[in-house]
Amino acid sequence: MRKSEWSDEQLEKLLREMPKIEDNRDPRDIYQNISLRLSKRKQRSWLIPSAATAAVILIVAVLSSNLLGENSSSEQSAESGNATEQAERSEMNIIKDEDAGVVYDSAVEEKQDIPTNDEATEEGVTSSITDIKQEYTAVYAEDVNGAEENTLTFAIPDEQNQIIVPITVLIPKEKGKSLFEQYTETMAKLHEKEWGLAETFPLKNVELSVIKDDILKVNVPSGQTYQGSANEIAFTSVIKKTAKSLGLTGIELYTDNQPGIELGNEGELPGLDLSDDGNYAYYFYYSNVNPEVPYLVPYEKSFTNIEAALNAMKENVDTHQLSASIPQNIDIEEIHGEKGMLTLQLNEDSDMTSTKTILQTIEAILLTAKEFNYNKVKIEYSKLEKIGKFVFNEEINVPIAPNKREILN
Amino acid sequence: MDSVFDELYSKYHHDVFQFIFYMVKNREQAEDLVQEVYIRVLKSYDRFEGKSSEKTWLFSIARNVAIDYFRKQKGWRQKIAEKFDWTTGQIKDDSPIPEEIALQNEEISLIYQCLDHCTVDQRMVIILRYIQELTIIETAEALGWTESKVKTTQHRALKVLKKEMEERMAKEGTTSEKIRVER
């Protein structure tokens, strides 16, 4: 019998000679497959939670209708009986159009927290509906009297200096004052602490002016240091966003009117680059002050397309305390963009009524669409006519700016 | 396309694909699994802490994907085996030898076949160490093992391969002289 002996070295050499096997597919195809599977998975992942929610709603509906039946007119108990039946039959779709009319029409009024419990019990049927936060956070064209008001957006860090929250205020126009003058004057009137954000404006020891028509000059006294990268990043982001919201095209940095500012991480910088990538996705940020209604915050990670951005908005960014702005049970099946108009097709099983912050979700979608240079969004969905002022299957104009706040003059 | 995907693809796609291919020995399966790797990576990319290198991190995810695959595979194979009362030894992966391997010399395709006789752990070490040419330290990182475990597993794997190669060559009486290698 023949026998051959192999040494480790020979084997190793042989193994190293094994041919390279390559994947011949186009990376785009692979990416396509992945995105498909990522979205499919998400569909599955909300099945159990939504079934659980349905069960809870059902129980609440049954219990509340029983309680109501004890001390109310026969008409009402008939109604609540109806509610139970409806709940049993349609699980998640408890809110039919007629109920929706009651809840959502009144939603057109801004900043109204409805339905309150009283109203809900009066209606009987709506008692189990999650109360939706009727607060529009963004500024829309119809909110601004363009001839008389300026929309000013300020970049304000959160208390941890981790994220920058854009805050928009409306200021009456004043004759003879430039936008820049009004902007700097308004800085002192912002109530950052009240809003649960970091005290930022007016920028301490920072002198801002506009030079060469459209360059923001930033002058700090010598000896000023920005220690810690969080502070430094907050400082540079605030400056950049300020220049942007003023429509300026460049930033020059000075120390005691000598060019350059010493920044811990970057060394001495003569100016800041304003060309950032944009295309950000908006997430929810809950401040300590208002745990109910979130701020809508663009997270500093740009996306190459809006599909990816909208997908990402379903996940929290735990490192930056940002919460998903699109709930898992809302499923965008198709995305189609053309000539400034973005059309989103929602899966008909998407649950638009059990999330309190559904209005803010729509606002987050609109603001993200704006990031990608769309000015209109159409959301295709047939189970509801509208939520608040957002009408499904019709064009919705994207907001002018996010996070409206009032200041007293 | 997602920028993260883009970057990972250009840097590591072929390495990861090759690793998985040699693990499962089936092109279609490997194509599927490599997608699974990306899905897991993209989901957890934010959590990548840079403790290990990106490359070994990617391999560690690929390893988990491969192991999960074998686990599932084993599940239904064993079920069938029980049903038909086959001995497990008879149930072998009979996926055809891919073109790339077939074009090589006999020894290569022989060792390719012999890889089946290694355990999953042993095969992973062999692929990472020799085909991907990772160092012992990198391999240890990717597999989440100690370096000494990598070394012993590697040693055992080579031993299994050696034994298999020798047996097969002895069996094939027609084996030509050129693949007989004397020590």
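Reader: Is the crossing of H5(B) and H8(B) left-handed or right-handed?

Author: This is a predicted model, in which local features need pLDDT of at least 70, side-chain atom pairs count only at pLDDT 80 or more, and totals for chains, interfaces and linings use all residues. Residues are numbered from 1 along each chain as its sequence is written, while chains are lettered from A and ligands numbered from 1 in the order in which they are written. Helices (H or I, at least four residues) and strands (E, at least two) are DSSP runs, numbered from the N terminus. A crossing is left-handed if the near helix is turned anticlockwise from the far one by less than a right angle, and right-handed if clockwise; for H5(B) and H8(B) it is right-handed.

Reader: At roughly what angle do the axes of H5(B) and H8(B) cross?

Author: Axes are lines fitted to C-alpha atoms, for helices over the stretch in contact, with angles from 0 to 180 degrees between N-to-C directions. H5(B) covers residues 106-114 and H8(B) residues 147-171, and their axes come within 9 Å and cross at roughly 120°.

Reader: Which residues make the contact of H5(B) with H8(B)?

Author: Two residues are in contact if their C-beta atoms, placed from the backbone, lie within 7 Å. The contact residues divide into 5 nonpolar (Ala, Val, Leu, Ile, Met, Phe, Trp, Tyr, Cys, Pro), no polar (the others, Gly among them) and 2 charged (Asp, Glu, Lys, Arg). They are Leu110(B), Ile111(B) and Cys114(B) of H5(B), and on H8(B) Leu161(B), Glu164(B), Met165(B) and Arg168(B).

Reader: At roughly what angle do the axes of H6(B) and H7(B) cross?

Author: The crossing of H6(B) and H7(B) is right-handed. H6(B) and H7(B) are therefore oblique to each other. Their axes come within 10 Å and cross at roughly 135°.

Reader: Which residues of H7(B) take part in the contact with H6(B)?

Author: From H6(B) come Met124(B), Val125(B), Leu128(B) and Arg129(B). By class, the residues of this contact divide into 5 nonpolar, 1 polar and 1 charged. On H7(B) the residues are Thr139(B), Ala142(B) and Leu143(B).

Reader: How many helices does chain B have?

Author: From the N terminus on, the elements of chain B run α-α-α-α-α-α-α-α. Chain B has 0 strands, and its number of helices is 8.

Reader: What percentage of the residues of chain B count as buried?

Author: A residue is buried if 20 or more other C-beta atoms lie within 10 Å of its own, exposed if 12 or fewer, and partly exposed in between, with C-beta atoms placed from the backbone. Among contacts in chain B with a separation of 6 or more, 64% join residues 24 or more positions apart. Of the 183 residues of chain B, the share that counts as buried is 32%.

Reader: Which element gives the most to the side of chain B that touches chain A?

Author: This contact takes 38 residues from chain B and 33 residues from chain A. Elements that give two or more residues to the side of chain B are H1 (3-24), H2 (27-44), H4 (99-102), H5, H6 (120-131) and H8 of chain B. That side has 21 nonpolar, 7 polar and 10 charged residues. With 8 residues, the element that gives the most is H1(B).

Reader: Which residue in the turn between E1(A) and E2(A) has a positive phi?

Author: E1(A), residues 149-157, and E2(A), residues 164-172, pair in the antiparallel sense over 9 bridges (two strands pair if DSSP finds at least two bridges between them). Asn150(A) stands opposite Ile171(A) in E2(A). The two strands form a hairpin with 6 residues between them, and the turn residue with a positive phi, about 60°, is Asn161(A).

Reader: Which strands are the edge strands of the open sheet of 4 strands?

Author: The order of this chain A sheet is E12-E13-E14-E17, with mixed pairing. Its twist averages 25° from one strand to the next. E14(A) (residues 376-380) and E17(A) pair in the antiparallel sense over 3 bridges, and the bridge partner of Lys376(A) in E17(A) is Asn397(A). Each edge strand pairs on one side only, and these are E12 and E17 of chain A.

Reader: Is Gln321(A) buried or partly exposed?

Author: Gln321(A) has a positive phi of about 55° although it is not a glycine. Its place is in the loop between H9 (306-312) and E12 (332-338) of chain A. With 17 other C-beta atoms within 10 Å, Gln321(A) is partly exposed.

Reader: Does Asn403(A) count as buried or exposed?

Author: Asn403(A) lies in the segment after E17 (395-397) of chain A. Although not a glycine, Asn403(A) has a positive phi of about 50°. With 25 C-beta neighbours inside 10 Å, Asn403(A) counts as buried.

Methods: Parallel < 35°, antiparallel > 145°, perpendicular 65-115°, else oblique.
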